[in-house]
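My notes follow, in the order I went through things.

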Amino acid sequence: MIRPSPIDWSTWSAPVHATLMFVVREGRILLIEKKRGLGAGKINGPGGKIDPGETPRECAMRETEEELLIRVKDPVKLGELHFAMSDVPDILCHVYRAGDFDGVPTETDEAVPLWFATADIPYHRMWSDDRYWLPVMLEGRTFLGRFAFTGDDVSWNQLVTDVEWPEGE
Ligand SMILES: Nc1ncnc2c1[nH]c(=O)n2[C@H]1C[C@H](O)[C@@H](COP(=O)(O)OP(=O)(O)OP(=O)(O)O)O1
């Protein structure tokens, strides 16, 4: 049975806009263990909130540089995630993927870099929505994910694949 959405997504908007960046290279993905802020202790991609005047792409690159001291090359936007949260403000998150970078992934006061085989992703240590869309991102396909949360748990989800994002976004 398809459950009706608890959210009217046609009028939904988020007060917080953020980004995630995934480097995927030679069958491995570069993740972080987040040391502070929302999601501290979880494994995720580098990323964070978009600053005023910044584009999502600029944010994703800046946050990756701040958290891991690397400069990603030619990131491509693959996804958008709409999170309707129960206990923190709602979040719209832009998801980028890159295949290369300059520098050496290095631990900072924000993050510990961790490489995983793409067949061995630790979903049990990640946000509970990740298992729905990350496999699609790994296939290099585009997507729009909508998730309603109750606390830390996904209570409703929808994933649309093969979405056309505007050129250069
Ligand atoms: N549900 C879910 N799944 C996957 N990823 C995320 C979520 N919710 C999230 O917020 N995120 C991601 C999106 C961002 O990359 C981070 C949250 O950003 P945050 O650490 O709060 O932003 P910063 O700008 O780095 O933090 P401060 O400087 O404000 O401390 O998690």
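**Starting at R57**

I began with R57, which sits in helix α1 (residues 56-68); helices here are DSSP runs of H or I with at least four residues, strands are E runs of at least two, and both are numbered from the N terminus. This is a predicted model, so I note that local features need pLDDT of at least 70 and side-chain atom pairs count only at pLDDT 80 or more, while totals for chains, interfaces and linings use all residues. Residues are numbered from 1 along each chain as its sequence is written.

My cut-offs: 20 or more other C-beta atoms within 10 Å of a residue's own is buried, 12 or fewer is exposed, and partly exposed is in between, with C-beta atoms placed from the backbone.

Next I checked what R57 is in contact with, leaving aside neighbours within four places in sequence, and found P75 and Y96. Contact means that the two C-beta atoms, placed from the backbone, lie within 7 Å.

**Two buried spots**

L20 belongs to strand β1. I call L20 buried because it has 24 other C-beta atoms within 10 Å. Beyond four places in sequence, L20 is in contact with N44, G45, G47, C93 and V95. From L20 to H82 I get 13 Å, C-alpha to C-alpha, for 62 residues of sequence.

P46 is in the loop between β3 and β4. It counts as buried because there are 29 C-beta neighbours inside 10 Å. Which residues does P46 touch, not counting those up to four places away in sequence? My list is M21, I32, E63, T64, E67, L68 and A111. P46 and D129 are 83 residues apart along the chain, with 16 Å between their C-alpha atoms.

**Loops**

A40 sits in the loop between β2 and β3 (43-44). With 10 C-beta neighbours inside 10 Å, A40 goes down as exposed. Skipping residues up to four places away in sequence, A40 touches K34 and K35. A40 and E167 are 127 residues apart in sequence and 33 Å apart, C-alpha to C-alpha.

I flagged E26 for its positive phi of about 50°, although it is not a glycine. E26 is in the loop between β1 and β2 (28-34), and E26 is exposed, with 8 other C-beta atoms within 10 Å.

L69 got a flag as well: its phi is positive, about 60°, and it is not a glycine. L69 is in the loop between α1 and β5 (71-73). It is partly exposed, with 16 other C-beta atoms within 10 Å.

**Around the ligand**

How many residues surround the ligand? I have 16, and the closest are G37, G47, G48, K49 and W127. A residue makes this list if its C-beta atom, placed from the backbone, lies within 6 Å of the molecule.

β1 (16-25), β4 (47-49) and β7 (91-98) each supply at least two residues of the shell. By class, I get seven nonpolar, six polar and three charged residues in the shell. The classes are Ala, Val, Leu, Ile, Met, Phe, Trp, Tyr, Cys and Pro as nonpolar, Asp, Glu, Lys and Arg as charged, and the others, Gly among them, as polar.

**Whole chain**

The protein chain has two helices and 11 strands, in the order β-β-β-β-α-β-β-β-β-β-α-β-β. The radius of gyration is 15 Å, close to the 15 Å that the globule rule gives for 169 residues, so the chain is as compact as a globular protein of that length. That radius is taken over C-alpha atoms, and the rule is 2.2 Å times the number of residues to the power 0.38.

Buried residues make up 31% of the 169 residues in the protein chain. Of the contacts with a separation of 6 or more, 66% are between residues 24 or more positions apart.

Confidence: the chain averages a pLDDT of 97, and 99% of the residues score at least 70; pLDDT is the predictor's confidence in each residue, from 0 to 100. I noted ipTM 0.96 and pTM 0.97 for the model.
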